[in-house]
Amino acid sequence: MVEELAQADDAVAACIDDAVWALADDELVAALDATHRLEQRLAAVKLALVREVDGRGTAVTQGASSTAVWLRERLRLTIPAARRLVDLAACVDAAPTTVRGALAAGAVSLEQARVIADTVSTVQAAAGPEVADKAVGVLVDWAGQFDPLLLRKLGARILDHVAPDIADAAARAALDAEAARAARDRHLTISEQTDGRLRLTGTLDAEAAALLRAAIDPLSAPAGPDDNRCAGQRRHDALADVCRLALHTGELPDSGSDPAQIVVTTSYDALTRQLSTGVLDIGLHLTPETVRRLACDATILPAVLGGTGQVLDVGRQRRLITGPLRRALVLRDGGCAFPGCDRPPRWCDAHHIHHWADGGDTNLNNAVLLCGHHHRHLHHTDWTVRLGDDGHPEFIPPAWLNHDQLPRRNHYHRRT
């Protein structure tokens, strides 16, 4: 297979520099159709490979917490894209042979294949395999005319075409299946942008949507005739207000053994002059004005860093029952320090590099933050961890994974 894919790669490479402007209209359209068909056929091959990687547990064997995390590193995808790829590979693998064949032939797109697979699964549960086989043929034909969204809408009434005598009873089953899919697909993704802002994307189920609206709608109304914020800006500010209210209750669960709080980092030189720019413990940069406002509105834990980024001192609150060591680890590691892991600090344990049971000290030079998966992985595999010359963790892979055992680092949490 590798040789054939290499030949296909060469063939595609030969097309890249072709002068498309010289093509006649019919040639241009034909080339576009052929490219799309080839893209879908390659997608079928890619999904089969992803499914095999997932089924073998290759990602976990190589130290990743999941196939999606491994794909993010290997293919440089976002986590949502990697998860969709794994889910779609499983969905297509479980679909009828006709669906996989249509995808391999370039007759349907990836999203159309998923719609067909979901619909056929519902039909089979309601009417049996014979009716499901009929539904596949109809849906594949429809895929040549309709996009995935319209195809899903039409699929909701597919039994009207292939089994009208049981369509009404099956419609209820379809609704139940749609509710189950809504529960399965619920998610919220928080993506950090290059300028320190966050992008929220996701899909809420009906109950969570009602809760969100009930919480932010009263706070989203214009504050008065001089309120020039657009609706989106008002909703943004309302969500921030809800979070402030939740923090002020003091009833949120602990976050990584520390109470929910805000930690602002500043440099020693800036601290000796005046309050300056700051960095939150999750890595987001703050303007001086924001730091000053937070100093008035919130409980600030001042963490002082030296010129090379070493933690010189960490402030404490009287009510805290844990010392400053964990906050120092959060400031240094930023989250799970294992290479390729993006788990935030609140999901992490503090691991002794030289085990405490073997006489290791409990201090910053003998500790590293690890998520639950990588904490277990480090204890039960041949991976080792040490602090590099700059005081940051680096991990040594086992010889069977990397013959030279070159140290690896996590670059997701490093602050500039």
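**Ground rules**

I am working with a predicted model, where local features need pLDDT of at least 70, side-chain atom pairs count only at pLDDT 80 or more, and totals for chains, interfaces and linings use all residues. I number residues from 1 along each chain as its sequence is written, and side-chain values use heavy atoms, with hydrogens and water left out.

**The whole chain**

I noted 17 helices and 11 strands in the chain. Helices (H or I, at least four residues) and strands (E, at least two) are DSSP runs, numbered from the N terminus. Of the 416 residues in the chain, 34% are buried. The chain exposes about 25,500 Å², and carbon and sulfur atoms supply 55% of that area. Accessible areas come from the Shrake-Rupley method with a 1.4 Å probe, and for residues only the protein chains shown count as cover. I then turned to contacts, meaning heavy atoms within 4.5 Å. Among contacts with a separation of 6 or more, 50% join residues 24 or more positions apart.

**Back to Val120**

Val120 lies in helix H7. What does Val120 touch, leaving aside its neighbours within four places in sequence? I found Pro96, Ala132, Val136 and Leu139 in contact with Val120. From Val120 to Leu139 I count 19 residues in sequence, and their C-alpha atoms are 8.9 Å apart in space.

**The nonpolar cores**

Next I looked for nonpolar cores: sets of buried Ala, Val, Leu, Ile, Met, Phe, Trp, Tyr and Cys residues joined through side-chain atoms within 4.5 Å. The largest has 42 residues, and Val108, Ile116 and Ile158 touch the most other members. Helices that give two or more residues to this core include H2 (25-56), H4 (67-75), H5 (79-94) and H7 (110-127).

Which residues are in contact with Ile158, its neighbours within four places in sequence aside? My list reads Thr119, Val123, Ala135, Val138, Leu139 and Trp142.

**Helix H4 and what follows**

In H4 I marked Thr67, Ala68, Val69, Trp70, Leu71 and Arg72 as the buried residues. Their cover includes H2, helix H3 (58-61) and H5. Arg72 also lies over the face of Tyr412, at 4.2 Å from the ring centre. For a charge to sit over a ring, NZ of Lys or CZ of Arg must be within 6 Å of the ring centre and within 35 degrees of the ring normal.

Arg76 follows H4 and lies in the loop between H4 and H5. Arg76 has a positive phi of about 55° although it is not a glycine. Arg76 is exposed, with a relative accessible area of 71%.

**Helix H16**

How many of the nine residues of H16 are buried? I counted eight in this helix (residues 325-333), which is mostly covered. Among them are Arg326, Arg327, Leu329 and Asp333. Gly334 follows H16, and its phi is positive, near 80°.

**Rings and cysteines**

I found two aromatic pairs in the structure. Rings of Phe, Tyr and Trp (its six-membered ring) pair if their centres lie within 6.5 Å; planes under 30 degrees apart count as stacked, over 60 as edge-to-face and the rest as tilted. Ring pairs link Phe338, Trp383 and Phe395 into a cluster.

A disulfide is a pair of cysteine sulfur atoms within 2.5 Å, and by this rule I count zero. Cys341 is in no disulfide; the nearest cysteine sulfur, that of Cys336, is 3.7 Å away. Cys341 is buried, with a relative accessible area of 1%, while Cys230 counts as partly exposed at 41%.

Ala223 sits in the loop between helix H12 (206-216) and helix H13 (231-249). At 73% relative accessibility, Ala223 counts as exposed. The C-alpha atoms of Ala223 and Arg234 are separated by 9.2 Å, with the two residues 11 apart along the chain.

Conventions
Buried < 20%, exposed > 50% of the residue type's maximum accessible area, 1.4 Å probe, protein only.
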